[in-house]
Amino acid sequence: MRKFDGARSAAGLAIEDFVLKGRQVLLQASKQGVQVNQEGMMPLFQALHGDIAADTLSPALKQMYDEIDKLRRLEEADMT
C-alpha cells in the first residue's frame with residue numbers, strides 16, 4: 001500500500017509541476033503581448049493542426065508550440 005501511495009504522490013507532483021510550467025509559459029506570453037484568449041491563441045491552434053506553418057508564429061507562441069510538439073512526439077513514441 002505504501003508503494004501505491006508513493007507512486008500516487010509522485011504522479012501528483014509531476015502533474016502539479018506540469019501545470020505550473022504551463023502557467024509560467026502563459027504568463028510570459030501575456031507579458032510579450034500575446035492575448036491569452038481564443039483570438040490570441042488561434043494561430044497556435046492553427047499551427048498545431050497543420051493549417052499554418054509553425055515558423056510563422058510569434059516567438060511566444062512558437063515557444064508554446066515547441067513545448068506542445070515535444071509532448072506530442074513523446075506521446076506518439078510511447079504508443080508505438
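Helices (H or I, at least four residues) and strands (E, at least two) are DSSP runs, numbered from the N terminus. On that basis, the protein chain has three helices and zero strands, in the order α-α-α from the N terminus on. Its radius of gyration is 16 Å, well over the 12 Å that the globule rule gives for 80 residues, so the chain is more spread out than a compact globule. The radius is taken over C-alpha atoms, and the globule rule is 2.2 Å times the number of residues to the power 0.38.

This is a predicted model, in which local features need pLDDT of at least 70 and side-chain atom pairs count only at pLDDT 80 or more, while totals for chains, interfaces and linings use all residues. Residues are numbered from 1 along each chain as its sequence is written, and side-chain values use heavy atoms, with hydrogens and water left out.

**Overall dimensions and surface**
- Along the principal axes, the C-alpha atoms of the protein chain fill a box of roughly 50 × 35 × 20 Å.
- Of the 80 residues, 19% count as buried (under 20% relative accessible area; exposed is over 50%, partly exposed in between; 1.4 Å probe, protein chains only).
- Contacts are heavy atoms within 4.5 Å; among those between residues at least 6 apart in sequence, 32% join residues at least 24 apart.

**Nonpolar core**
- A nonpolar core is a set of buried Ala, Val, Leu, Ile, Met, Phe, Trp, Tyr and Cys residues joined through side-chain atoms within 4.5 Å.
- The largest one has 13 residues, and those with the most contacts inside it are Val34, Met41, Leu44, Leu57, Leu61, Met64 and Tyr65.
- Helix 1 (2-31), helix 2 (38-48) and helix 3 (59-79) each supply at least two residues of this core.
- Leaving aside neighbours within four places in sequence, Tyr65 is in contact with Leu44, Ala47, Leu48, Ala54, Leu57 and Arg72.

- Asp69 lies in helix 3 and is buried, with a relative accessible area of 18%.
- The C-alpha atoms of Asp69 and Leu48 are separated by 7.9 Å, although the two residues are 21 apart along the chain.
- Glu16 lies in helix 1 and is partly exposed, with a relative accessible area of 47%.
- Glu16 and Pro43 are 27 residues apart along the chain, and their C-alpha atoms are separated by 27 Å.
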